[in-house]
Amino acid sequence: MDEIQIASLLKSSELFPIPQSVKLSYGTAGFRGDAKLLESTVYRVGILSVLRSLKLGSATVGLMITASHNKVSDNGIKVSDPSGGMLSQEWEPFADQIANASSPQELVSLIREFVEKEEIMIGEKKKSAEVWLGRDTRPSGESLLRAAEIGVGSVLGSVAIDIGVLTTPQLHWMVRAKNKGLKATENDYFENLSSSFRCLIDLIPVSGNDKLEISKLLVDGANGVGGQKIEELRGSLSNLDLEIRNTGRDGGVLNEGVGADFVQKEKVLPLGFGSQDVGMRCASLDGDADRLVYFYIPSESSDKVELLDGDKILSLFALFIKEQLNALDDDKEGKQSRLGVVQTAYANGASTDHLRQLGLDVVFAKTGVKHLHEKAAEFDIGIYFEANGHGTILFSESFLSWLVSKQKELTDKGQGGSEEHKAVSRLVAVSNLINQAVGDALSGVLLVEVILQHMGWSVQKWNELYKDLPSRQIKVEVPDRTAVVTTSEETEALRPLGIQGAINSEIKKYPRGRAFIRPSGTEDVVRVYAEASTQEAADSLANSVAQLVKSFLG
């Protein structure tokens with residue numbers, strides 16, 4: 001780094017002094033906190049994004065300003081790698097270091113060290129970085145965006161491009177498309193969704209004509225960006241009757257009593273829904289539209305909902321994709337296609353049993369979307385979802401190119417209308433409709449809706465795939481959470497020694513009992529999860545495991 005570059009960084013970082021007593025850590029959600037305290041962090045992540053771009057040959061990197069399902073006074077920032085995925089985990093420690101550097105001098109010193117270690121060339125005439133900036137609808141977004149622009153601009157020769165108010169998945173999709181050399185505007189995103197949705201609608205079996213009475217879907221937009229974007233998308237969709245509530249335009253507060261996170265955790269109606277909606281199919285997006293859950297109101301006398309969470313969405317997707325794979329001729333390549341389903345230990349045991357009964361390969365990953373995404377990428381088609389409604393479907397490049405050439409081969413043979421051709425075409429359309437970069441509530445809604453039409457199912461019929469086992473989660477405060485060490489899937493505790501044997505003894509007392517413990521990533525608590533055949537049994541098992549945690553950890 002030359003003297004001019006160092007002077008530029010020192011001068012700009014003086015504009016953003018770090019607030020006292022704030023210590024931040026880069027996790028799955030990036031950095032998050034009270035928006036008033038984040039300007040220095042966002043400025044520094046602007047610099048980090050430039051370094052990431054330069055490291056990867058001047059590829060476009062994305063920077064999203066959002067706090068997802070957090071309250072409106074919060075905000076946050078996360079980086080999208082050129083692949084459209086999350087920031088490489090190897091860079092997270094550096095992100096933590098620069099976010100918490102106490103002075104401009106310390107910040108510049110850390111950057112210098114890192115640039116040397118990673119052999120990043122700054123100030124090369126031929127190499128300039130490009131960072132795309134997006135933000136959600138939070139009022140704090142605009143000033144934080146300015147801080148990001150100054151951070152990007154402080155590295156000489158780099159460019160920040162403000163691409164406006166977006167959902168988080170839109171930014172990830174656009175960054176991925178840009179780096180693949182494809183059209184990458186917001187309009188291209190909408191066009192991609194609507195054309196692949198239409199393609200799947202056209203492939204619905206004709207015998208199902210009597211099923212194609214399109215019932216209305218009610219959408220809770222969480223008073224955030226997702227509600228506004230789905231309104232924009234609605235105009236280009238036929239075969240879908242949408243009514244959108246909680247768009248944020250009618251004075252509602254972002255994520256307050258609304259949204260996927262609220263509905264999934266509380267299992268109650270979001271604001272704006274009531275007894276007039278009994279039996280209707282409803283979907284809830286979260287604040288930045290990367291999570292999706294469905295629900296319906298079983299009766300007028302209750303504010304509780306029947307929830308169809310990420311596990312139910314995963315089961316629906318897996319069933320549909322398996323049906324298409326089964327229709328492919330059993331030639332050598334077709335037989336090798338590996339469909340895998342990835343869950344976390346928090347997935348309801350009934351969903352795991354159901355998926356295994358379908359003959360699917362179910363594997364477990366550590367909690368956190370980045371871990372699930374990594375595991376799903378090991379399959380030809382990998383489907384992952386967390387119960388909170390964040391998930392997607394990944395198609396390997398090699399399997400996708402096999403599908404496309406199979407589609408062409410069948411067309412050339414004059415088998416364009418065959419069942420096999422339709423199945424291949426459906427899989428290709430799904431690969432275009434679903435956002436392969438990250439979980440995306442908008443593309444998720446469209447895929448759920450087209451599969452329900454394909455099957456001729458109501459939301460109630462879908463809900464009957466399996467019945468969730470009652471469960472309970474408890475947080476136990478402990479002096480030192482690092483005393484608990486688990487297997488990589490987090491289903492069993494390796495330390496403290498003896499605790500897993502004691503947990504297993506408790507589990508045996510309950511029909512369909514299952515329980516596990518895991519340390520929190522951010523606070524000195526151990527999380528206990530338990531399920532059993534009745535709610536009373538699940539509560540009792542959770543309490544007895546919590547007691548074990550207290551006695552083993554003091």
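## Exercises on helices and loops

The model is predicted, so local features need pLDDT of at least 70, side-chain atom pairs count only at pLDDT 80 or more, and totals for chains, interfaces and linings use all residues. Residues are numbered from 1 along each chain as its sequence is written, and side-chain values use heavy atoms, with hydrogens and water left out.

**Exercise 1.** Find where Ala222 and Asn223 sit, and look at the phi of each.

*Solution.* Start with Ala222: this residue belongs to the loop between β6 (217–220) and α8 (225–234). Helices (H or I, at least four residues) and strands (E, at least two) are DSSP runs, numbered from the N terminus. Although Ala222 is not a glycine, its phi is positive, near 60 degrees. Now step to Asn223, in the loop between β6 and α8. Asn223 has a positive phi of about 55 degrees and is not a glycine either. Asn223 is buried, with a relative accessible area of 6%.

**Exercise 2.** Work out how many residues of α6 are buried, and what covers them.

*Solution.* Helix α6 covers residues 168–179 and reaches 17 Å from its first C-alpha to its last. That is close to the expected 16 Å, where the expected span is 1.5 Å times one less than the number of residues. Next, count: nine of its twelve residues are buried, so α6 is largely enclosed by the rest of the structure. Among the buried ones are Leu171, Trp173 and Met174. Their cover includes β2 (61–65), β3 (74–80) and α7 (186–202), by contact (heavy atoms within 4.5 Å). Just after α6, Gly181 takes a positive phi of about 80 degrees.

**Exercise 3.** Describe how α14 packs with α15.

*Solution.* Two packed helices are described by the angle between their axes and the distance between the axes. Here, α14 (residues 397–412) and α15 (residues 419–433) pack at about 145 degrees, with axes 9 Å apart. Axes are lines fitted to C-alpha atoms over the stretch in contact, and angles run from 0 to 180 degrees between N-to-C directions. Then look at the residues: those of α14 that meet α15 include Leu400, Leu403 and Val404, and those of α15 include Val424 and Leu427.

**Exercise 4.** Locate Pro496 and name the peptide bond that joins Arg495 to it.

*Solution.* Pro496 lies in the loop between β17 (493–495) and α18 (499–507). The bond between Arg495 and Pro496 is cis, with omega about 0 degrees.

Conventions:
Buried means under 20% relative accessible area, exposed over 50%, partly exposed in between (1.4 Å probe, protein chains only).
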